[in-house]
Amino acid sequence: MSSDNGEPIGERPTQEVSMNINGEPVTEAVEPRLKLSDFLRNYVGLNGVRVGCEHGVCGACTVSVDGDLVKSCMMYAVQTDSAEILTVEGLSEDGSLHPVQEAFHEAHALQCGFCTSGFVMSTYDLLKKEPAPSREQAKEHLSSNICRCTGYQNIYEAVDRAAEKMGGAEDDTAAPEVGGDD
Amino acid sequence: MSRSDAPAASDAAEDADEEGFVGKGLNRVEDHRILTGRAEYVHDIAPENSQSMGLLRATHAHADIVDIDTSAAEAHPDCALVLTGEDIAAEYNPMPCGLNGISEWALAKDTVHFVGEPVALVVAADRYVVEDLIDLIDVEYETKEAVVDPIDARQDETVLHEELGTNVPDSENMHFGEVEQAFEQADNVVENQYSWGRISGVPLETAGAVAEYDDETDSFEIDCNIQLHTLVDDTIYEPLGYDPDDVALNVPPDVGGSYGTKIAIHRYCTLAAIASQQLGGTPVKYVEDRIENLQGGDMHSSDREYLFRLAFDDDGTIRGIDVNFTDDFGAYPRYPVNQALKPLTNVTNAYHIDHLRYNYELVLTNKTSQTAYRGFGVPQHLYALEMAVDEAARELGMDPYEFRQHNLIQPEQMPYKLPTKNMYDSGDFPAALTRIKELVQEEEQVEDGLLDPDIVEQRREEGKYRGVSYTVHVEPGVSGADWTDRQRSDRDSLSDREMDDVEELPEHLRCELLDDGRLLVYLAADSSGQGHQTIVKQLMSDELGLLPTDIDVDYLDSVEAPTEYGSAASRMAVMLSGAADGLADEFIANLEQLAAEHWDVAESDVTYQDGSVERADGEARLSLVDLAGLDTERDADEQLTRAAYDYQHPVYENEEYEEAFTNKYPVYPTAAFAANAPIVEVDIRTGEVEILKFYTLRDCGTQLNPTIVEGQAHGGIAQGIGAALMEEFAYDDSGQPQAVTLFDYLLPSTKNVPEIEMEHTETPSPFTATGAKGTGEGGMIDGPPAITTAINRALEPFDVVADQVPATPDRIREWLRESDAS
Ligand code: FES
Ligand code: FES
């Protein structure tokens, strides 16, 4: 049992939660007031969950809880007891990219990247429900996420590309890579 | 691996072929870590045992602090530290301001000057406990009259800062050309007021700092997302009372957006550092929450009231402009006071106008202070100017397109010197304006197009009025450093200055060859999404004949880096082009020296090419790996596999700019430009504006990476839409902020940003190493005037003009109600 810097919580009341996060079981005792976003970031170390407003507008903290898209800043961790949670870290393995992530990369659908986890999760959710979304459907679905950098144009492009990739269609429009990462 | 022996299978090598990597839309190297959730933003940095800091903020706009009772907070079992303004003042210094003679403390001392001003800090292990502690502090205030209206504030009935004695800490009335004569002689003069609401960049990532004081070395390490960390580090080491070398600011490679705004987050860095020092070196972390950010995060930007006059002849020729404005700087005239001056760089926009007056006043009110925001004061000016141009065309009954065309600077006038002494480097403005109109006519003024006359008429019957306007805008790029302190200088003596008195700041790049033959390049500038690492890879690959995959790019902290400017003012494309060019020359010269020494031949007998040095006889060759090994064996003080370069300024040596430099007029040597044509539809019942499509033709000279250029334009336009239609930090009469959540401060979403149809032309800059021009700010600069003039067109039947932005539904309904025509 620990607070966000690893120190004991002390006298404050806690409640035990168990859930499955990105395929791994997690059990922790947390304060009932702990937001799911803070739980995922500070207790589980999933920093891909970004926090941009903590009042449910920006969508940077978007994750999937039991298959539903959720703004994790608007839920308490204790509400997700026994839930299945998927975050952006769980989309792919070993540093490879999920087709949605690939599409965002190829379409230059991110700049500062702070909104990106949320958009990737929303796009993932959209394509699960609607494998070939129209532009209007994409706009509607992504309207609960804010991006301050890209003006959304390339995000639409990424949605189309991802749909194509996941539908197994050929995609030969990729730009060359500069390679590596630091 | 060098390009010469790259495997044929490599996409990148194929793509570069003979031409190189610059100019290609290479995908970004930054993306992978971000997409997988593994990028480390400052919010993610949490050293072991770090403590969390929170701030208690003022609830009144203007009040004296009578008493602060911190005893209950201090008695809390988990409280590590509480400090008030008095504690800070006892041991530290005030923060520097943008003007002389005024002190701002990191925690308010005696008096609070805006809602949200930090009054006390608390530290605990857990952020949730921090919030509990904040609630336990009791402050007794004695409220004072709040100064809210900037126009009234100038009367000085209530003065914010006694030591200044006035709410107008800076003003200047500048004349260029024969402006009075021009106004007397012109056939017509229009005069109008335009108002630009308080807005800002509002990056998705809020400010954050993690500070650690080291007792042994008596120095600080601060991880933070400040922008311009090599330039504005004085705003942190000065209040701490330390030398620059004792306060290392380290900005993570990934920052969640800034757009200028994070230049001014020094309060947080300073307070976290103080808290860490007070705790004997425990790391202290502060992350601003969104409400703090919007309400009192030192983050607002330009808030202007214009009185604009424009003199013109009956044939439509503009004779002169008379620009008067106040800018509401809030509680303290912070660093970006020179936002008031930047419009001098493109003061006539794309028009040839010889005579002008530029008269501004900075005003202080009980609101949060200003920071920089994309465009740095220019969007506001272009908005007012283009509104006045519209007004003049209306007065003459002339088509505003023709009126604009008639006044544009012609391509043969390039490079063009403005009356304010800055120059436009290159560009064909008339062609751009012609093309954008042609494009819209071809695409939309056709059957079933958005401007199909039948459809337009039909929509009008439903209360929806469509409009389009065609405008051209100049985006000044690069800036310089010397002019930026004009307002702290003795302005009367500036005309005596010579070029030797002008002090510019360079852009620094350095590199080192690693043992495995890879090149590590260090950026001194920080980044917040612009893709600098990718750009540097492209530039250095071409300079050295390497592949981008042979190069890594990292960042320097404020102590490792020399004092240099950094990334702002649409600088980096130009400055990195020059810096990479110079760095490669140095590096190649070093490698050639190393090889020549090794072979014991003259340096002229060896040649570097594509990742190796060859002897003139063609008999011997050293690869980068060989050279790295040789340098290690060489055992000399100076390593030849390292190089550093400071690129000074593209036009410092250009005599045409001398008058601007010596007089401290803003120098922005590149003129990117855009011709815009947004098609808007105004619902006269709801007042809502929908942008149906945004046509734009853009030119920023040589594009280093067209994909990145396009992304910058998209994002800028989206922010321009926000500024024109939605965003505003409003205040009530008592100085209470009305936009403290993202439910009130409305950011454009997918619902507000239309499809953007973009074309590009490339008119290289004659002044820069690659022909690139700066282009980070474009859409934010040229979006608002394009949109508001389109609203003017749409509402022409009602005689309504968008003389206030944001043009919110409320305002538009009010204008329509008040208009005689409706
Ligand atoms: S952080 Fe959850 S919606 Fe903004
Ligand atoms: S990429 Fe910066 S907020 Fe979306």
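Modeller: This model is predicted. Buried area is the accessible area, with a 1.4 Å probe, that two parts lose on being put together, summed over both. By that definition, chain B and chain A bury about 5900 Å² between them, 51% of it on carbon and sulfur atoms. B:Leu35, B:Tyr128 and B:Leu204 supply 15% of the area that chain B buries against chain A, more than any other three residues.

Biologist: What makes residues of chain B count as in contact with chain A?

Modeller: Heavy atoms must lie within 4.5 Å. With that cut-off, 75 residues of chain B are in contact with 64 residues of chain A.

Biologist: Why is the pair A:Arg12 and B:Asp126 called a salt bridge?

Modeller: The closest N and O atoms of A:Arg12 and B:Asp126 are 3.7 Å apart. The limit between a side-chain nitrogen of Arg and a carboxyl oxygen of Asp is 4 Å, so the pair qualifies. Across the interface of chain B and chain A, the rule finds nine salt bridges.

Biologist: Which element gives the most to the side of chain B that touches chain A?

Modeller: H19(B) does, with nine residues. That side of chain B divides into 29 nonpolar, 27 polar and 19 charged residues.

Biologist: How many salt bridges are there between domain 1 and domain 2 of chain A?

Modeller: The count is zero. Four residue pairs, both at pLDDT 80 or more, are in polar contact across the interface of domain 1 and domain 2 of chain A.

Notes
Residues are numbered from 1 along each chain as its sequence is written. Chains are lettered from A and ligands numbered from 1 in the order in which they are written. This is a predicted model: local features need pLDDT of at least 70, side-chain atom pairs count only at pLDDT 80 or more; totals for chains, interfaces and linings use all residues. Side-chain values use heavy atoms; hydrogens and water are left out. Helices (H or I, at least four residues) and strands (E, at least two) are DSSP runs, numbered from the N terminus. Ala, Val, Leu, Ile, Met, Phe, Trp, Tyr, Cys and Pro count as nonpolar, Asp, Glu, Lys and Arg as charged, and the others, Gly among them, as polar. A polar contact is a pair of N or O atoms within 3.5 Å; within protein, one must be able to donate a hydrogen and the other to accept it, and residues adjacent in sequence count only if both atoms are side-chain atoms.
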